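Visitor: Hello! Could you show me a protein structure and walk me through it with a few questions?

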Amino acid sequence: MSIQTRMAWQDFLTDEERAELEAADAKFAEAQRALEPVKADRDATLRKLKIRCDARMRRAKESDT
């Protein structure tokens with residue numbers, strides 16, 4: 001029984017191309033780290049607004065009954 005290995009396109013990169021990919025990945029990781037505080041602020045805003053709207057919906061439902 002032979003063991004088959006799965007090949008990916010990355011297996012065929014030259015050293016120069018691999019360095020180019022690693023540099024792009026590093027830039028992407030840096031951008032993600034810089035975005036984390038912005039995302040956290042957005043998430044907090046979404047939670048706050050959802051809580052407010054849920055309360056309004058609850059009050060509207062209570063006034064209908």
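Guide: Gladly, and let's start with a term: a salt bridge is a side-chain nitrogen of Lys or Arg within 4 Å of a carboxyl oxygen of Asp or Glu. This is a predicted model, where local features need pLDDT of at least 70, side-chain atom pairs count only at pLDDT 80 or more, and totals for chains, interfaces and linings use all residues. Residues are numbered from 1 along each chain as its sequence is written, and side-chain values use heavy atoms, with hydrogens and water left out.

Visitor: How many helices and strands are there in the chain?
Guide: Helices (H or I, at least four residues) and strands (E, at least two) are DSSP runs, numbered from the N terminus. Helix 1 covers residues 15-64. The count for the chain is one helix and zero strands.

Visitor: What radius of gyration does the chain have?
Guide: This value is taken over C-alpha atoms, and the globule rule is 2.2 Å times the number of residues to the power 0.38. The C-alpha atoms fill a box of roughly 70 × 40 × 10 Å along the principal axes. For a compact globule of 65 residues the radius would be near 11 Å, but the chain has 25 Å.

Visitor: What percentage of the 65 residues is buried?
Guide: Buried means under 20% relative accessible area, exposed over 50%, and partly exposed in between (1.4 Å probe, protein chains only). In this chain of 65 residues, the buried share is 3%.

Visitor: How many salt bridges does a search of the whole structure find?
Guide: In general, side chains of opposite charge can pair when their charged atoms come close. Here Lys-39 and Asp-43 meet at 2.9 Å, N to O. Asp-54 and Lys-50 also meet, at 2.7 Å, N to O. The search of the whole structure finds two.

Visitor: About how many helical turns separate Lys-39 and Asp-43?
Guide: Asp-43 is partly exposed, with a relative accessible area of 23%. Lys-39 and Asp-43 are four residues apart in helix 1, so the separation is about one helical turn.

Visitor: Is Lys-50 buried or exposed?
Guide: Its partner in the salt bridge is Asp-54. Asp-54 counts as partly exposed, at 26% relative accessibility. Lys-50 has 52% relative accessibility, so Lys-50 counts as exposed.
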